[in-house]
Amino acid sequence: MGSTIVKLAKRIKLQLGKEVTVTYAADWSEYHSYDGWYNMDELWSSEYIDVVGIDAYFPLTDGPEPPFGYSAEDVMGGWSSGVGYDYFYDYSKGEPERVKYNDSRYAWKNIAKWWSETHINPGGIVLPKVNDKGIISYLSYNGV
């Protein structure tokens, strides 16, 4: 993705003007990292993007739905716990096995940790801080 999308963001920002807010919303699977590569950081830290957007379709509950539905507390608690935050499912052996993260940098639902960290790509390449933007927006979210 890299510099091609940054060039596109530049064209858009220059054409629309500084008063227009420009964002790119990544889905939950691309905003964080992929195989240790933080692919969105170059774009989001560029001067042409004003808001970091995440389409956060995170699972907020795990397990069968209770007979009377999930409580508000269940759903709210799911933003900072559960699958993608505390553990993941390993499907490599057929039946899914719940595996606790031994390194929280892979916890893709832990946005606060991701936002506050310095991101380092393989090869030791330190990336510009995305959180210098100061604005993150969940442009769409769902998950129960």
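## Overall architecture

The secondary structure of this chain comes to four helices and seven strands, and the model that shows them is a predicted one.

The chain has 144 residues, and 32% of them count as buried. If we consider the contacts in the chain with a separation of 6 or more, residues 24 or more positions apart account for 64% of them.

## Pairing of the strands

Strand 1, which covers residues 23-27, pairs with strand 2 in the parallel sense, and the pairing runs over five bridges. Within this pairing, Asp27 has Asp55 in strand 2 as its bridge partner. Strand 2 is itself mostly covered, since five of its six residues are buried.

Strand 3 (residues 87-90) and strand 4 (residues 97-100) pair in the antiparallel sense, over four bridges, and Tyr87 stands opposite Lys100 in strand 4. Together, strand 3 and strand 4 form a hairpin, with six residues between them. In the turn of this hairpin is Gly94, which has a positive phi of about 95 degrees.

Helix 1 spans residues 2-16 and includes Ile5. Ile5 counts as buried because its relative accessibility is 18%, and buried means under 20%. Leaving aside neighbours within four places in sequence, Ile5 is in contact with Tyr24 and Leu43. Ile5 and Tyr24 are 19 residues apart in sequence, while their C-alpha atoms are 9.8 Å apart in space.

Val6 is also found in helix 1, and with a relative accessible area of 14% Val6 is buried as well. When residues up to four places away in sequence are not counted, Val6 touches Glu42, Leu43, Ser46 and Tyr48. Val6 and Tyr48 lie 42 residues apart along the chain, yet a separation of 7.6 Å is found between their C-alpha atoms.

## Salt bridges

Side chains of opposite charge can pair when their charged atoms come close. A search of the whole structure finds four salt bridges, and one of them joins Arg98 to Asp62, with the closest N and O atoms 3.3 Å apart. This pair links distant parts of the chain, for Arg98 is in strand 4 whereas Asp62 is in the loop between strand 2 (51-56) and helix 3 (72-77), and the two residues are 36 residues apart. Asp62 is partly exposed, with a relative accessible area of 35%.

Another salt bridge is formed by Lys93 and Glu97, whose closest N and O atoms are 3.4 Å apart. Here Lys93 counts as exposed, at 64% relative accessibility, whereas Glu97 counts as partly exposed, at 36%. The side chains of Lys113 and Glu117 also meet in a salt bridge, at 2.4 Å from N to O. Lys113 counts as partly exposed at 25% relative accessibility, while Glu117, at 19%, counts as buried because the limit for that class is under 20%.

Strand 5 consists of residues 120-121, and Asn121 lies in it. Asn121 is buried, with a relative accessible area of 9%. Beyond residues up to four places away in sequence, Asn121 touches Gly36, Trp37, Tyr38 and Leu127.

## The largest pocket

Rolling a probe the size of a water molecule over the atoms shows where empty space is left. The largest pocket in this model holds about 350 Å³ of space. Its lining is made up of 15 residues, and those that lie nearest the centre of the pocket are His32, Ser33, Tyr101, Tyr106 and Trp108. Sorted by class, the lining has seven nonpolar, five polar and three charged residues.

Conventions. Residues numbered from 1 in each chain as written. Predicted model: local features only at pLDDT ≥ 70, side-chain atom pairs only at ≥ 80, totals over all residues. Heavy atoms only, no water. 1 Å grid on protein atoms, 1.4 Å probe; cavity = no way out; pocket = protein on both sides within 12 Å on 5 of 7 lines; lining within 4 Å. Points joined across faces, edges and corners; volume = space filled by probe spheres on them. Nonpolar A, V, L, I, M, F, W, Y, C, P; charged D, E, K, R; others polar. Pairing = 2+ DSSP bridges. Buried < 20%, exposed > 50% of the residue type's maximum accessible area, 1.4 Å probe, protein only. Contact = heavy atoms within 4.5 Å.
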